[in-house]
Amino acid sequence: MVVADNPDYKSMSDSELWQLCHKDDMRSYDELFSRYYPRILRFASRYIKDTMQAEELCMDMMFNLWVKRGQLTIKGTFSNYLFRAVRNSVISYFRKELPATLGLEEVKEECQVGRSSDYRLISEEARDVYYAALKKLSPRRRQVFILNRYEHLSYSEIARKLNLSENTVENYMVAALDGLRVNMKEYFPTLLVFLLSFPGLLFLF
C-alpha cells in the first residue's frame, strides 16, 4: 500500500488503517479509535451498568491495541477481532465481579451445577430454550434483534438499513428483549454459568 503525503484516513478500510498502525502511524490509530470506540462502549454498556467501569474497560482495550500493535496478528476482519476482544473483556470482568454480585451460597450452588455430570444436558436445554424464544419473536423484532446483537449495528444504522424510524427500531428492540426475558426467566441462573463457561455465546444476550 502506497501512502500519500496527506492521506485521507476516513476513506481507508480498517485493514489499511491497521497496516499503518504497524508503521507507527498514530493518525491511523486515531481514525480506528473514532470509528470503533463508541460502538464497543455501547456493547460493553449492555452488560456493565457502571458507566465508568465500561468506559475504563474499553479505553484499556483500545490502549492495549496500540501498545501491542507490533505483536498482534488479526485474523478475519478488524471489527470481528475488536468485538471478540471486548466480549472477552466483559466476561473477564464478570468473572471477577461474580462473587460480589451473588451470595456465597448462590456461587457455590452455581459452581456445583457447572461441575455436575448433568451440566452438558442442562446447557443444551438452556441453549435450546434461547433459540426457541428467539423463534417466537415476530420476524421484524427478530431481525432488529439480530442486527443489533449479532452485527453490532446501532439503532440509527438499523433504521437506515430497514427504512424505519429510529423510534420504531427502539420499540422493536425493547419488545424483543422483553419477549426473550419472559420466555427464559426461569433459566437465567443456569444460563449465567453456561455463558461464563462458553463465552462465545455471551454476545447473544
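Salt bridges in a predicted model

This predicted model holds four salt bridges.

Me: Why is the pair of lysine 10 and glutamate 31 called a salt bridge?
Reply: The closest N and O atoms of lysine 10 and glutamate 31 are 3.5 Å apart, and because a salt bridge needs a side-chain nitrogen of Lys or Arg within 4 Å of a carboxyl oxygen of Asp or Glu, the pair counts as one. Lysine 10 sits in the segment before helix H1, while glutamate 31 belongs to helix H2, 21 residues apart.

Me: Is lysine 10 buried or exposed, and what about glutamate 31?
Reply: Lysine 10 has a relative accessible area of 64%, and because exposed means over 50%, this residue is called exposed. Glutamate 31 has 10% relative accessibility, which is under 20%, so glutamate 31 counts as buried.

Me: What makes arginine 35 and aspartate 14 a salt bridge?
Reply: Their closest N and O atoms are 2.7 Å apart, which lies within 4 Å, so the pair meets the cut-off. Arginine 35 is in helix H2 and aspartate 14 in helix H1, so the pair ties together parts that are 21 residues apart in sequence.

Me: Which residues are linked in a network of salt bridges?
Reply: The network links Lys10, Asp14, Glu31 and Arg35.

Note on methods: Residues numbered from 1 in each chain as written. Predicted model: local features only at pLDDT ≥ 70, side-chain atom pairs only at ≥ 80, totals over all residues. Heavy atoms only, no water. Helix = DSSP H or I, 4+ residues; strand = E, 2+ residues; numbered from the N terminus. Buried < 20%, exposed > 50% of the residue type's maximum accessible area, 1.4 Å probe, protein only.
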